[in-house]
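Hi everyone, thanks for coming.

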Amino acid sequence: MNGLVARIVRHLRSEKRYHWHLDYFLEYAQIKELWTHQGKDRFECVWAQAALGLPKASVIAPRFGASDCRCPTHLVYLGKRMPQQRI
C-alpha cells in the first residue's frame with residue numbers, strides 16, 4: 001500500500017490513535033468525498049489557496065492542517081452544498 005492510500009485508509013477508520021488534526025475533526029464530521037492527486041509535486045497549499053479564493057470561502061479553523069507551511073489553513077468552509085438535481 002503506498003503512502004497516500006495508507007493515509008486515506010487510516011483516516012477512514014473509526015478506531016485509531018489520534019495524531020493528525022483530521023482525527024479530531026472527524027469526531028464531529030464525516031468524509032463525503034475524497035479528491036486525490038499522486039505525483040512528486042504536492043498541491044495541498046495550491047488547492048487551499050484556490051479554495052480560499054472561491055465565493056463564500058472562509059477560514060473556520062486557522063492553521064488547521066497547515067502546521068508545516070505558511071497557509072492560513074487547509075480546511076476551508078464553502079457554505080452549505082446544494083443537493084444535485086438529476087435531469
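Predicted model: local features only at pLDDT ≥ 70, side-chain atom pairs only at ≥ 80, totals over all residues.

**A first walk through the chain**

If you start at the N terminus and read along, the order of the elements is α-α-α-β-β.

Some overall numbers next. The C-alpha trace spans about 35 × 35 × 30 Å along its principal axes. There are 87 residues in the protein chain, and 16% of them count as buried. The accessible surface comes to about 7,800 Å², with 56% of that belonging to carbon and sulfur atoms. For contacts between residues at least 6 apart in sequence, 32% join residues at least 24 apart. On charge, we have 14 positive and 7 negative side chains, and the centres of those two sets lie 4 Å apart.

What volume does the largest pocket have? About 2,600 Å³. It is lined by 46 residues, and the ones closest to its centre are Glu 33, Leu 34, Trp 35, His 74 and Leu 75. Elements giving two or more residues to that lining are helix 1 (3-12), helix 2 (21-25), helix 3 (44-52) and strand 2 (76-77). Helix 1 gives the most, with six residues.

Let's zoom in on Ala 66, which sits in the loop between strand 1 (58-59) and strand 2. Is Ala 66 buried or exposed? Its relative accessibility is 0%, so Ala 66 counts as buried. Leaving out residues up to four places away in sequence, Ala 66 touches Cys 71, Thr 73 and His 74.

Last stop, the backbone. Most residues other than glycine have a negative phi. Lys 56, though, has a positive phi, near 70°. You'll find Lys 56 in the loop between helix 3 and strand 1, and it counts as exposed because its relative accessibility is 71%. Arg 63 also has a positive phi, of about 70°, without being a glycine. Arg 63 belongs to the loop between strand 1 and strand 2. With a relative accessible area of 33%, Arg 63 is partly exposed.

Key: Residues numbered from 1 in each chain as written. Heavy atoms only, no water. Helix = DSSP H or I, 4+ residues; strand = E, 2+ residues; numbered from the N terminus. Buried < 20%, exposed > 50% of the residue type's maximum accessible area, 1.4 Å probe, protein only. Contact = heavy atoms within 4.5 Å. Areas by Shrake-Rupley, 256 points an atom, 1.4 Å probe, with all protein chains shown as cover. Lys, Arg positive; Asp, Glu negative; His and termini not counted. Charge placed at Lys NZ, Arg CZ, Asp CG, Glu CD. 1 Å grid on protein atoms, 1.4 Å probe; cavity = no way out; pocket = protein on both sides within 12 Å on 5 of 7 lines; lining within 4 Å. Points joined across faces, edges and corners; volume = space filled by probe spheres on them.
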